[in-house]
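Colleague: I would like to learn how to read a model of this kind. Could we go through a few features one by one?

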Amino acid sequence: MKLTNPHLQMNWTEIRRFSYVSIALLTLSILPMQAQMSNNQLKQAAQGLSPQQLNQIKNDPRARQQAIQQAKAAGATDEQIAEGLDKLNGQGANGSKNQNQRSSAQKGKRNTNGDFMLQQDSLMMDSLSFYNQNEKDKKPVWDKNTVFGREIFSNKNLTFAPNLNIATPKGYRIAAGDELIVNIWGASQNYDSYTVTPEGAILIQDLGPVYVAGMSVEQAQEHVKQELGRMYQDLTSDAPSTYMSLTLGGIRSIKVNIAGEVATPGTYTLPSLATLFNALYMAGGVSDIGSLREIKVYRNSKLIGTLDVYDYLLNGKYNTNIRLEDNDMIVVEPYKRLVSTEGKLKRERIYEMTDGETLADLVRFAGDFKGDAYTNNITVKRKNGRMHSIYNVDRADFANFPMQDGDAVKVDSVLNRFSNRITIEGAVYRPGEYALGGNVNTVKELVEKAEGLMPDAFKNRAILTRLNPDDTEEVVTIDLGALMQGKVKDIPLNREDILTISSIYDTRELYNVIVQGAVNKPDTLPYRDNLTIEDVILQTGGLKEAASLVKVEVSRRIKDPKAMSESSRIAETFNLDITEGLQVRGNENFTLQPFDVVNIRFSPAYQDQQSVTVDGEVLFKGQYVMSKKNERLSDLIAKAGGLTRDAYVKGASLKRKMSDAEKARVETLLRISQNSMSKKDSISVESLSLDNYMVGIDLVSAMKKPGGEADITLREGDILTIPQYQGTVKVSGAVVYPNTVAYKKGMDVGDYLDQAGGYNDMSRKRPIVIYANGTVATTKKKLFWKFYPKVEPGAEILVPAKSADNKGVGLAEIMSVASSTTSIAAMVTSIINNMK
């Protein structure tokens, strides 16, 4: 389909390709072709684009630039294009402006090629910063299998579009379509803009056509000034009061033909300031077989220049970026040679090579060698038409080895070996790696280079580890003391020799002294010569208050490295007295030896205060400090002022803290009990509280006969509780209805069980009675008769349960019925009593 408008010779498919931007500009502007297109056609053109295409065109600088250029070529004015862009960006139109408003705003008007374009002078900086930006962001847009240089025309962050907001370049010739601005000021004032007609003239009112085509801006200014002098006589006088300037406003468009191996060959409309790079960018860069090294420009069928993109990228040369003119032809030839690189080059890529370029040029293109590259030789793999060949090119031949298409170049890394390394380690001031040669060639010179031996160096024997020609190792022993004194011949060193000098501390055990006993911070201290008792006491925080000054014991190892028989002695012991000033009395010169054990004994006359507690029905309950050993129950009652009238003496109980030894024995017995039972009978020892247990006492007898067997001695932490009278009896365990009932004199165990509903089906019919004072009594059976224990006020009757397999009472059954604190305490008490 062809449009009839003579200003826009393109088919409908091309219009759709110019995207939404062109359609928006053409629709929103008053164009000659608008009358030739129906609204339905415009709507169909817009609907033919996908949302992805619309978004890409709206945000892609190249597509947007091409759309604007096509709109301008179709006859749209700058104001119409600006209005269309504003509407496209949602800014709205500002309405039409009169000639004076346009003239006053001309200096700051929108760039008719889009506000996204870069200045031409910044072309080189922006394209080079493209590489730096990718290095900084660590997100390269290429890999080593891509051709170096092609990415500059495909990167959306880089544009080669010229900016018109620059000074007019020298040599620019005015032609049809350029806009010239004439400003007159002084005695007379006028400001107007003119577009050069196809005939090459500008039409000045009241003056007529003034021909400026082919002139530079400077020449045109002088010519127009002379012509305007006929209207403004003062303009050309020797002492003018009226002045004039002529500047270039908008520029014309040119058509450039791009052919050959580019992404999109064809004819492109570009600004007249466009260069060869601008055109290549518009065409999408070179194709997969296009050359970057030989891009030709023809003008009037004559070759006027050749562009090598590598000159621009690698050498910063920009003089080959030719400014284009109308009807120029750009031809991109196919590449001649592509060479791939691999290994220790700074930029591993595929490079295009031209005639006469060598391996040395390729290394330069790749940024030269990396620091760990093997540079004496490079491997080149080549396809010779029948099979592959391999070449090892020496460094001297890099500049004489021409490259061919398809060559693969590999640069290896240096060997992980040292040609002159020697190492010294151990008891020297500066151990480490050194260079063999110069003033370091022998063992003595190496030691001196390491700033000499440390005082603790073991000089009788040093070890030199040497690498044999077959990479095996051998050891050379050295009398280092004699060598350093010149008594034996110095030993020459070889590469990779390792000299090891031990410390005297490396050849023996770590010497120490152990301090324990009545010191504040018992510790193991490092041994020092002339270490004394006073020194180690101070280092361990001094003596405790309980320390004995007359019993300090030092135990010393028995050692005889030359002994031929065993000895029954295992230590030598020294008993010393010390003063309050920590001085050894009578043996002031006594010093410690390695591995001595210093034991500060506790004074036998020192005792920490020990307290017991009495609670319940006494006159003065609370804590009491025992004033002597073997203090008894009756003594504590006397200290507490005696019993009250409400005291139930038979129910008095004593709770005692379990010692560490008792805890260990109880845990052992419980674990033995667990091991002898089934898994279902097992119970965690940790679930039991083993901190305290009940001691069964008979306070009535103790009060009647102080010092007797019932008047037991007290222990630190004991708690004596005197309860009030409790007229109840608790029945628990394997009964129908566990209950607490009133005590009645004369009732036995069976009577109380009846009040709890009797035995249940799982009961073992041998109840246990736990008295308030912590003692326990069991039911005894003789022949066919049962003898129940006596029941007293405050007692608990506990009926054990049978195990599920009828094999006796398990630990779980005992714990199931021992629900009260008294029951558990009674069980623990029974275990402890059995241990005694």
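Colleague: In which strand is threonine 242 found?

Modeller: Helices (H or I, at least four residues) and strands (E, at least two) are DSSP runs, numbered from the N terminus. Threonine 242 is in strand β5, which covers residues 242-248. This is a predicted model, in which local features need pLDDT of at least 70 and side-chain atom pairs count only at pLDDT 80 or more, while totals for chains, interfaces and linings use all residues. Residues are numbered from 1 along each chain as its sequence is written, and side-chain values use heavy atoms, with hydrogens and water left out.

Colleague: Is threonine 242 buried or exposed?

Modeller: Buried means under 20% relative accessible area, exposed over 50%, and partly exposed in between (1.4 Å probe, protein chains only). Threonine 242 has a relative accessible area of 2%, so the residue counts as buried. A contact means heavy atoms within 4.5 Å. Not counting residues up to four places away in sequence, threonine 242 touches Ile184, Trp185, Gly186, Ala187, Ser188, Asp234 and Leu235.

Colleague: Why does valine 625 count as partly exposed?

Modeller: Because its relative accessibility is 46%. Valine 625 lies in strand β28, residues 622-625. Beyond residues up to four places away in sequence, valine 625 touches Gln609, Gln610, Ser611 and Lys639. Valine 612 is 13 residues from valine 625 in sequence, and their C-alpha atoms are 6.4 Å apart.

Colleague: What joins the side chains of asparagine 321 and threonine 275?

Modeller: A polar contact is a pair of N or O atoms within 3.5 Å; within protein, one must be able to donate a hydrogen and the other to accept it, and residues adjacent in sequence count only if both atoms are side-chain atoms. Here the two side chains are joined by such a contact of 3.1 Å. A polar atom of the asparagine 321 side chain also lies 3.0 Å from the backbone nitrogen of phenylalanine 277. Asparagine 321 lies in the loop between α11 (309-315) and β10 (329-334), and is buried, at 8% relative accessible area.

Colleague: How many strands form the open sheet that includes β22?

Modeller: Two strands pair if DSSP finds at least two bridges between them. The open sheet has 6 strands, in the order β22-β21-β26-β23-β24-β25, with mixed pairing. Its edge strands are β22 and β25 (584-585), each pairing on one side only. Strands β23 (residues 547-557) and β26 (residues 597-602) run antiparallel and are joined by 5 bridges. Valine 554 stands opposite valine 598 in β26. Leucine 525 is in β22, residues 523-526, and is buried at 6% relative accessible area.

Colleague: Which residues have the most contacts inside the largest nonpolar core?

Modeller: A nonpolar core is a set of buried Ala, Val, Leu, Ile, Met, Phe, Trp, Tyr and Cys residues joined through side-chain atoms within 4.5 Å. The largest one has 52 residues, and Leu270, Ile330, Leu359 and Ile378 have the most contacts inside it. Helix α10 (residues 276-282) gives the most to this core, with 6 residues. Apart from this core lies another, of 24 residues, including Val614 and Leu720.

Colleague: What is the mean pLDDT of the chain?

Modeller: pLDDT is the predictor's confidence in each residue, from 0 to 100. The chain mean is 79, and 75% of the residues reach 70 or more. Over residues 1-54 the pLDDT is below 50, and this stretch has 71 contacts in the model beyond near neighbours in sequence.
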